[in-house]
Amino acid sequence: MRPMFKTLAVAFGLSLIVANPAHAARGAVPRGTIYTLTPVADISAGGASITICHHTQKEHVLWIGYWLTSNGYVLSDNGCTDSSYYEMRDGFWQAGVAAGVIPADLPETPAFSAKQWLVGFGWFWIFGLVAAFKGLTMLRGSRRRTPAVLADKMLTAMCIVARADGYVEGEETKAIRYAYAKLTGQTLSDQKIQAALHGAPAVTSAADLGTLAGGLNEAGRQNVMRAALLVACVDGNIQEAEHRVISLMSQALVVPAPQIRSMLQDFAGLLNPPATA
C-alpha cells in the first residue's frame, strides 16, 4: 500500500480487508461463492489515486451465477484489480461528498450493471431462455396441429350430416370437398370422402357427438358447425333428419341458436324458397 494511501486510511478510519477468494465446494459439481471488485469511479485525495469499487458476491454452480449480492462500495489503491480493499466506515461517504472528493452525482447505493445482472443471475436467464424456447416450440406445434384437428372434425361433421337422411347426394360430396379444400388447401379424393362417409357414426343423441368439440376453441366449434350447415343446405332443402342432427350437433358444439340462425342466413341463397299455396 502506498504511503499516502496509508495516511488517508488512518485519517478516514478505513479498514483493510482481504477479499475472500473464489470458493468452490468439494463435490462432483463445482459450486460456491465468487467475490468481485468492479471499478466505479477514480478519485484523488491528498495526491493519492483511489478507486471506488462495487463489491459483489456471486453464488454459482458450474461457475454460472444463480444469485448476486451487493456488498456496497469499497475503496482500492490498485484499481480494484487485487483481492484487498478498504471498507468505508459510517459517515465516510457523506464526508467525501461534502469535501468534493466523491462525485456528488454518484448514487450512495450501488446498482448492478447490465453485465452484472447477466453474469450474476446467469442460471435464471438460461432457464428463462429454455422455457421461452419450449413455449415457442409448443406454440408452433399447436399451430401446426390445430388446422389438422379442425379439418378432421369438420370432415366428420359434414359426413354425419350428409348421411343423416339415409343417402348422399352429389352436391353434398362436392360441398364436403370444397369446404375441406378451403380450410386445408388440400383436395380430398373420392376414395377419402367415401371412407369418411363410411366411418361417420349414426347419431341419435348429443352423446354420440361427445368427441366432436374436443380440442377446439369457440371459433373452431363454430367452423365445424358452419361446415355441417353448408352440407345440409347445399341440396336446396334441410331434411327432417338433417334438422335433428344439426340440433344435436349444436348442443355438442355449444353453438347457441342465434348463431345457428346467423349461419343459416349466410347460406340462404342455397336453399329453395318455400312453396306457396
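Let me begin with strands S4 and S5, residues 64-76 for the latter, which pair in the antiparallel sense over ten bridges; pairing here requires that DSSP finds at least two bridges between the two strands, and the strands themselves are DSSP runs of E with at least two residues, while helices are runs of H or I with at least four, both numbered from the N terminus. Please keep in mind that this is a predicted model, in which local features need a pLDDT of at least 70 and side-chain atom pairs count only at pLDDT 80 or more, whereas totals for chains, interfaces and linings use all residues. Residues are numbered from 1 along each chain as its sequence is written, and side-chain values use heavy atoms, with hydrogens and water left out.

Within this pair of strands, Glu59 stands opposite Trp67 of S5. The two strands make a hairpin with two residues between them, and Leu62, in the turn, has a positive phi of about 60 degrees.

His55 is a residue of S4, and at 6% relative accessibility it counts as buried. If we leave aside neighbours within four places in sequence, His55 is in contact, meaning heavy atoms within 4.5 Å, with Tyr35, Thr36, Leu37, Thr69, Ser70, Asn71, Gly72, Val74 and Tyr85.

Cys80 is not a glycine, yet its phi is positive, at about 65 degrees, and with 8% relative accessibility Cys80 is buried. Val254, in the loop between H8 and H9, likewise has a positive phi, near 55 degrees, but Val254 is exposed, with a relative accessible area of 59%.

Val119 and Gly65 are 54 residues apart in sequence, and their C-alpha atoms are 6.1 Å apart in space. Not counting residues up to four places away in sequence, Val119 touches Lys58 and Gly65, and Val119 is partly exposed at 40% relative accessible area.

As for Met225, its contacts, leaving out residues up to four places away in sequence, are Ile246, Met249, Ser250, Leu253, Val255, Ile260 and Met263.

How many salt bridges does a search of the whole structure find? There are two, a salt bridge being a side-chain nitrogen of Lys or Arg within 4 Å of a carboxyl oxygen of Asp or Glu. In one, the side chains of Lys174 and Glu171 meet at 3.8 Å, N to O; both residues lie in helix H5, residues 170-184, three residues apart, which is about one turn of the helix. In the other, Asp190 and Arg177 meet at 2.2 Å, N to O. Asp190 belongs to helix H6, residues 190-199, and Arg177 to helix H5, so this pair ties together parts that are 13 residues apart in sequence. Asp190 is partly exposed at 47% relative accessibility, and Arg177 is also partly exposed, at 22%.

Finally, the chain as a whole has nine helices and six strands, and 38% of its 277 residues count as buried. Among its contacts with a separation of 6 or more, 66% are between residues 24 or more positions apart.

Methods. Buried < 20%, exposed > 50% of the residue type's maximum accessible area, 1.4 Å probe, protein only.
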